Amino acid sequence: VSADLRATLGLQQAAGGPSSAPGLLRDAASLRKAREAVDARYAKLVVETKQPLDDRALSSIASLPSASAAGGAMPRGVTSPCRSSSAACARSGNAVLMTPLRDPNPPSSPAHSHLMATPMSGQLECVGWLRAAVRGVPAEEASEALAGYFAHCSASPAEAIEQRLDGLCDKLRAAAGEYEAEEIDEQCVLGRRLYHKMLLAFLESEERRLQHGHFVETLLSQGIFHSSLFACCMECVFASYCMQSSVFPQIMHTLDLSPFDLYKVIDPFVKHEPSLPQYLRVHFREVEVKILEHMAWALESPLHAQLREYDALLASPEAAGGGARAA
């Protein structure tokens, strides 16, 4: 037994031998007296040495009644050591916290840019972004800004677009699993709203690039483009809500899309949404890699037809004549 502990407990050094504590633990009264002496000495040392950590909080946790003994809930007035420490700091104004308080900045703020996001925090961020991004965007009809672009067409494509979306949503409902059937309607609404938002972003980007609006009718008449864009929107929804039975590659089979057609829309989709969460950016990058590695090269892929068209164009006399004039 150390000299400091002997002094605290009032023990004497045994003659001619090591120190001992005869009878110290012989009954509850002596044990309680010894513990009170040790606690008093420890409290004095904490004050004298100005230690920021007080281990007595751990023993107080162990002595708390369990949740099962309290009927499934903590008893009234019981607080954690961290809360007790923060409350003491608030009262004294100069105490040191046992543990730092949680930073008020959200995980996506610059203050947390050095922290690695967890799958759970990434999905929560995605759900928050999704609901904020489609707030105020109609689901069943085009916005005024989209209607302005539709006016450039000889016949408004609004009805055809909404009918196509209805058909795609019906396919998603039919393919939904037993546990996802109740949620698919709400998620289709989110997907349609995001589709209207992203379609407007695509049209505005093309108008800035081409400096005219003559492209609108050609772009809006391509059904594959609309289906691929809606698939990207629903992929955002399914990935945010962790619907593993509906995300890529299942969404391609459900909507009858080829991997190559979906691939052509992914990159501009990501570029046209600068606030897209990092979790979804990484997700779409993984989708692109899978498509480029093997899916786009399947025998039935439209990529082969486009490659043949390109080879034929290079072998045409017009291309050869242009090359000769350039030489």
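Predicted model: local features only at pLDDT ≥ 70, side-chain atom pairs only at ≥ 80, totals over all residues.
User: How do you know that the span of helix α7 agrees with its number of residues?

Analyst: Helices are DSSP runs of H or I with at least four residues, strands are runs of E with at least two, and both are numbered from the N terminus. The expected span of a helix is 1.5 Å times one less than its number of residues. For the 18 residues of α7, residues 158-175, this gives 26 Å, and because the end C-alpha atoms are 26 Å apart, the two values agree.

User: What makes one face of α7 the buried one?

Analyst: A residue is buried under 20% relative accessible area, exposed over 50%, and partly exposed in between, using a 1.4 Å probe and protein chains only. In α7 the buried residues are Ile161, Glu162, Leu165, Leu168, Cys169 and Leu172. Seen down the helix axis they fall within an arc of 125°, so they line one face of α7; the arc is that of the directions from the axis to the C-beta atoms. The face turned away from this buried side carries the exposed residues Glu159, Gln163 and Ala174.

User: Which helices do the buried residues of α7 pack against?

Analyst: They pack against α6 (144-150), α8 (184-210), α10 (223-240) and α11 (250-255), where contact means heavy atoms within 4.5 Å.

User: Why are the buried residues of α13 said to line one face?

Analyst: The buried residues of α13 are Leu280, His283, Phe284, Val287, Glu288 and Ile291. Seen down the axis of α13, they fall within an arc of 140°, so they line one face of the helix. On the other side of α13, Gln278 and Glu293 are exposed, while the buried residues pack against α5 (119-133), α10 and α12.

User: Why is cysteine 242 called partly exposed, whereas aspartate 256 is called exposed?

Analyst: Cysteine 242 has 37% relative accessibility and therefore counts as partly exposed, whereas aspartate 256, at 57%, counts as exposed. Cysteine 242 lies in the loop between α10 and α11, and aspartate 256 in the loop between α11 and α12 (259-271). Cysteine 242 has a positive phi of about 55° although it is not a glycine, and phi of aspartate 256 is near 55°, also a positive value in a residue other than glycine.

User: Why is serine 258 called buried?

Analyst: Its relative accessibility is 14%, so serine 258 counts as buried. Leaving aside neighbours within four places in sequence, serine 258 is in contact with Met252 and Pro302.

User: What makes a set of residues a nonpolar core, and how many residues has the largest one?

Analyst: A nonpolar core is a set of buried Ala, Val, Leu, Ile, Met, Phe, Trp, Tyr and Cys residues joined through side-chain atoms within 4.5 Å. The largest has 61 residues, and those with the most contacts inside it are Leu194, Leu199, Leu229, Phe230 and Phe269. The largest share of this core, 11 residues, comes from α10.

Notes: Residues numbered from 1 in each chain as written. Heavy atoms only, no water.
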